[in-house]
Amino acid sequence: MFITFEGIDFCGKSTQIILLEEYLAANKKQVQVIREPGGTEISEKIRHMLLDKENSGMYMQTEFLLFSASRAQLVREKIRPYLEKGFYVISDRFHDSSTAYQGYGRGLPVEVILAISNLAIGKTVPDLTFIIDIPVDVAEQRKQRKFKKQLDRIENSDRDFYNRVRNGYLELAKRESRFKILNGEENINSIQKKIVKEIEKFEQR
């Protein structure tokens, strides 16, 4: 089963991924957690280029194509092989991030984003995608707790950008049933229970 987590930065994805990994492992499931961009030797090198604040002059087209290149490598080197072995693969972001961030956020044509994403991932589409949704004001409050020098190139983006990204995610969620929107302001354990419930429903199909 392929499960992805999405949402604007500081929404709480990482916490829920850890909890889900622990839950599945406790239930004797084979689990592999990966992150985007990254997850392979080549993809991690691309990640460094993408998030390095010194690359402030990177064009949005370059940004998107680098994300796609990293993703194409990750799909073929890690995701598909693990799925074929019967693992539950959990990814911190996947191709929907490009649609939300580079499409709705940066303003690249969404149809172009989708076409190139289809080339990068082929038929490797998530079974379930959890969007941890929080208002941008909440994200900004959480962002302030992180030292500015620790913020990566994308986390340094402004409020208007994140509003567009959030709206993009909400638009995406209307298109496919695999998307499950969760209120990221709820109690952490409450969110986890809802995630587990959705996975159990999927498994019973």
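Colleague: What makes Asp133 buried?

Modeller: Asp133 has a relative accessible area of 14%. Buried means under 20%, exposed means over 50%, and partly exposed is what lies in between, with a 1.4 Å probe and protein chains only. Asp133 is therefore buried, since 14% is under 20%. A word on the source: this is a predicted model, in which local features need pLDDT of at least 70 and side-chain atom pairs count only at pLDDT 80 or more, while totals for chains, interfaces and linings use all residues. Residues are numbered from 1 along each chain as its sequence is written, and side-chain values use heavy atoms, with hydrogens and water left out.

Colleague: Thanks! Why is the pairing of Asp133 with Arg166 called a salt bridge?

Modeller: The term asks for a side-chain nitrogen of Lys or Arg within 4 Å of a carboxyl oxygen of Asp or Glu. Between Asp133 and Arg166 the closest N and O atoms are 2.8 Å apart, so the pair qualifies. Distant parts of the chain are linked here: Asp133 sits in strand β4 (residues 128-133) and Arg166 in helix α7, 33 residues apart. By the way, helices (H or I, at least four residues) and strands (E, at least two) are DSSP runs, numbered from the N terminus.

Colleague: How many salt bridges does the structure hold?

Modeller: There are 16. One of them pairs Arg106 with Glu63, with 3.0 Å between the closest N and O atoms. Arg106 is in the loop between α4 (95-105) and α5 (110-121), and Glu63 is 43 residues away in helix α3 (residues 60-84).

Colleague: Is Glu63 buried or exposed?

Modeller: Glu63 has a relative accessible area of 1%, so it is buried. Arg106, at 25%, is partly exposed.

Colleague: How do you know that Asp96 and Arg178 meet in a salt bridge?

Modeller: Their N to O distance is 2.9 Å, so the pair meets the 4 Å limit. Asp96 lies in helix α4 and Arg178 in the loop between α7 and β5 (179-183), so this pair ties together parts that are 82 residues apart in sequence. Asp96 is buried at 3% relative accessible area, and Arg178 is buried at 7%.

Colleague: What joins the side chains of Arg178 and Thr129?

Modeller: A polar contact of 2.6 Å. That term stands for a pair of N or O atoms within 3.5 Å; within protein, one must be able to donate a hydrogen and the other to accept it, and residues adjacent in sequence count only if both atoms are side-chain atoms. At 2.6 Å, the Arg178 and Thr129 pair is therefore inside the limit.

Colleague: Let's turn to α7. How do you know that its buried residues are on the same side?

Modeller: The buried residues of α7 are Phe161, Tyr162, Val165, Gly168, Tyr169, Leu172 and Ala173. They cover an arc of only 135° around the axis, which puts them on the same side of α7. The arc is that of the directions from the helix axis to the C-beta atoms. Among the elements covering these residues are β1 (2-6), α4 and α6 (136-144).

Colleague: What makes the span of α7 close to the expected one?

Modeller: The expected span is 1.5 Å times one less than the number of residues. For the 15 residues of α7 that gives 21 Å, and the helix reaches 21 Å from its first C-alpha to its last.

Colleague: Why is there talk of a nonpolar core?

Modeller: Such a core is a set of buried Ala, Val, Leu, Ile, Met, Phe, Trp, Tyr and Cys residues joined through side-chain atoms within 4.5 Å. The largest one has 39 residues, and Phe5 and Tyr101 have the most contacts inside it. Its largest share, 6 residues, comes from helix α7 (residues 159-173). Another core, of 10 residues, lies apart from it and includes Ile34 and Leu74.

Colleague: Which residues does Tyr101 contact?

Modeller: Contact means heavy atoms within 4.5 Å. Beyond its neighbours within four places in sequence, Tyr101 is in contact with residues including Ile8, Ile154, Phe161, Val165 and Tyr169.
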